[in-house]
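Q: How do I read a sheet and the helices around it? Please walk me through one case.

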Amino acid sequence: MLSGSMDSARDGVVVAGTVLIPMRFVWPYGGRSVYLSGSFTRWSELLQMSPVEGCPSVFQVIHSLAPGYHQYKFYVDGEWRHDEHQPYMSGEFGIVNTVLLATDPNFVPVLPPDIASGSNMDVDNEAFRRVVRLTDVSLSDVLPRISDVDLQMSRQRISAFLSMRTAYELLPESGKVVALDVDLPVKQAFHILHEQGIPVAPLWDFCKGQFVGVLSALDFILILRESSQIGNHGSNLTEEELETHTVSAWKEGKFYLNRQNNGHRTAFSRPFIHAGPYENLKDVAMKILQNEVSTVPIVHSSSEDGSFPQLLHLASLSGILKCICRYFRHCSSSLPILQLPICAIPVGTWVPKIGESNRRPLAMLRPSAPLASALNLLVQAQVSSIPIVDDTDTLLDIYCRSDITALAKDRAYTHINLDGMTVHQALQLGQDSYDPYELRSQRCQMCLRSDSLHKVMERLANPGVRRIVIVEAGSKRVEGIVSLSDIFKFFLG
């Protein structure tokens, strides 16, 4: 895709000996009514553009073009506009976007003399000379790049900014933080997470008078997977087992299992990962990344020995990213990398030949897949979510670690079989009481591969958003996924 303006949509057709290439034009900057016009419509016809499902600010239209030189512009809410992120020039119809389509890989464009010499046309940084070469009727993307110097400068500025800010700035003016007693039955803790709509909670040990760890949705995934392997012919934990098994007992059992899996003779208890309110945000972010956790409790004690600790907040990468976006929103020019399309940056996980992959495979599942497959994938691939797609890889939904708490509804965990329940059925448990469209739009945050890194970061900074699914405009075919940890590993790794 040409930075959000156009890309090849499907196989070309031959008309009177000329190959016509269906091209997808995209206007990703919003509006109420958006139209396209160009030299290919003789400037007398307006082609109406339609909003992309799931991306209401993105408009698209498909139109067949013959190889050669074309000009085009957009008519947005009664005003002629051009895409400043695309090649453009000033001509007879004002400022217009330009593109050259070539089917011959060795084709060298011959520009009209007045354009080549620049005598009476303003060519923006020679961008007009960009050529889209169509080989086998497919588009070869031409992506902008950033120099190593600019990349290092961007990383240093973000690192310096985070080093000067403290975790205290993450604290909201008002709010609540839920903590659980380690002696609670697993069943009760399971229900509390579901009822409170939270994926993680710190654990308080009354006898020790301190916080000793956290309980997360991943713990429940491990509990259900373990019980399905060793108990009741593949069925999950009975309600009696959940009623008598405490959180503390589960944590001890988890250390034993880790010892067996890792081949160590001695199981070491994982220390409580936390931060103080005056630690800088870079250190907090690095604790989250290095310990592979989703949140770090912010704990404060006025005593030198750390007694009587107060739980102030649960710090997350989302909150830290919000601070970054707020600060650089009005000075994004100081970070050139923020304006690059997300697919031109080595961040996230992508399908082959689409974006700059981190070399990890992109895991996807069909809605008919067993829930056991989804849980195994979350654990083994060490990912927090899985796109759910149809047979054409079009995004339908997403299954996240936190969705496991929906099994607390009506005690579903007591009478379901992980191999017998599908991912679709598991998702329905958490959607029955909500508007399906509204819930899906909140869960499935999407962007296009041509969207800037800054736009992706802004969306990830919204509360409750942990990842963005990159989709193809129009078809919503999954092309990649970018998570909060991907962004921070890129900047701080």
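A: Start with strand order. Strands (E, at least two residues) and helices (H or I, at least four) are DSSP runs, numbered from the N terminus. Two strands pair if DSSP finds at least two bridges between them. Here four strands make an open sheet, ordered β18-β23-β22-β21, with mixed pairing. β18 (349-350) and β21 (446-448) are the edges; each has a single partner strand, so one side of each lacks a neighbour in the sheet.

Q: What kind of model is this, and how are residues numbered?

A: It is a predicted model: local features need pLDDT of at least 70, side-chain atom pairs count only at pLDDT 80 or more, and totals for chains, interfaces and linings use all residues. Residues are numbered from 1 along each chain as its sequence is written, and side-chain values use heavy atoms, with hydrogens and water left out.

Q: In which sense do β18 and β23 pair?

A: Antiparallel, over two bridges; β23 spans residues 478-483. T349 sits opposite I481 of β23.

Q: How many bridges join β22 and β23?

A: Five, again in the antiparallel sense. I470 faces G480 in β23. The hairpin of these strands has six residues between them, and G474 there takes a positive phi near 90°.

Q: Is β23 mostly covered or mostly open?

A: Check burial. Buried means under 20% relative accessible area, exposed over 50%, partly exposed in between (1.4 Å probe, protein chains only). β23 is mostly covered, with six of its six residues buried. Across the protein chain, buried residues make up 47% of the 493.

Q: Which helices lie across the sheet strands?

A: Look for contacts (heavy atoms within 4.5 Å), then compare axes. Axes are lines fitted to C-alpha atoms, for helices over the stretch in contact; angles run from 0 to 180 degrees between N-to-C directions. Helix α12 (453-460) lies across β21, β22 (467-471) and β23, at about 135° to β22. Helix α13 (484-492) lies across β18 and β23, at about 65° to β23.

Q: How many helices and strands does the protein chain have?

A: The count is 13 helices and 23 strands. Of contacts between residues at least 6 apart in sequence, 62% join residues at least 24 apart.
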